[in-house]
Amino acid sequence: LFGFSPGTSPPLGLKCSDSGAGSLVVVMDSAVLHAGVPASSLSTEAKAALGVALPPDDSPVVFAGGGTVHHVLCLTPDELKAASGAVVASFCKTRERASAAAAPTGQVACAPDGPAAETPAFDPDSFHPDPRWLCLLFPRPRFLVDSSLGRLVRWLRVVGIDTLERTREESVGAAMAHAASTGRLFVTRDHKLASRKGSRSLLMILQNTTGGQFEEITAHCGLTCSVDDLMSRCSKCNGRGYRVLSRDRVLARGGLGIHPKVLSSVATYFQCLSCEAVYWAGPKFDSTRAHFAGLVVH
């Protein structure tokens, strides 16, 4: 809303001017009060990564911006409301809104475009978190990329990012619905899609070159890559993991389509566990590692 990268603007301590006179009004969607995940459902690894004291019971916790793309606030909805001094209003559209009079009602809130009204009961089936928040909650964001950005797909896979590609046969609407339902960010260069209904899980790429597109998406989502992530996925099918093949085993299987000159000089090969594509270390392998070296975090 204010032009910051997702999650970098925390809902606390915001001032309306440099002079510090007054504070911005923080508005919380009433649906947030009913959202969150039970603290007890978080894995041991997630609890350790958060580094905060969580509620001992099944109280729900939510995640808010923590100031950078690498940090989040973890707290209960009531704590978020109290800490931010938020005014509760109804923004989340539910299937009950059209027949609010017949639906069970919850908290009375003042909608921004009308007088005080009763808020329809929260419908979890109609509420989906913005997938860009998943980039903050999980170390490895996931994407579904438009078919016009095929080379960007391969680059993201090379650095270990779980990336699917929309096929030519799949409609844009179906791809966007797939992305939203599976927690993926749909990436495209089609500016017309930004105004489509249900486009909240969309990232519009502005750059024309693959290098520029890659820099844009890594900056927007705060992507990094570990040594183990680099080239851990098959660039052809997105599969993760390889089996090691010796030259003799490759020859025993008819050469697997590898040029005889390569077979005479390379002793070890790596076959994708999913699509069985075969790779080996060569000049292209070294240049690829060098190309993405700046993204690697040791």
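Which side chains meet in a salt bridge at 2.6 Å, N to O? They are those of Asp146 and Arg166.

1. This is a predicted model, in which local features need pLDDT of at least 70 and side-chain atom pairs count only at pLDDT 80 or more, while totals for chains, interfaces and linings use all residues. Residues are numbered from 1 along each chain as its sequence is written, and side-chain values use heavy atoms, with hydrogens and water left out.

2. A salt bridge is a side-chain nitrogen of Lys or Arg within 4 Å of a carboxyl oxygen of Asp or Glu. The count by this rule is four.

3. In the pair named above, the side chains of Asp146 and Arg166 meet. The two residues are 20 residues apart, Asp146 in the loop between strand 8 and helix 4 (150-158) and Arg166 in the loop between strand 9 and helix 5 (172-181); helices (H or I, at least four residues) and strands (E, at least two) are DSSP runs, numbered from the N terminus. Asp146 is buried, at 6% relative accessible area, and Arg166 is buried at 12%. Buried means under 20%, exposed over 50%, and partly exposed in between (1.4 Å probe, protein chains only).

4. Asp162 pairs with Arg142, with closest N and O atoms 3.9 Å apart. Asp162 is buried (14%), whereas Arg142 is partly exposed (32%). A network of salt bridges links Arg142, Asp162 and Arg184.

5. Arg240 and Asp229 form a salt bridge at 3.9 Å, N to O. Arg240 is partly exposed (46%), and Asp229 is buried (13%).
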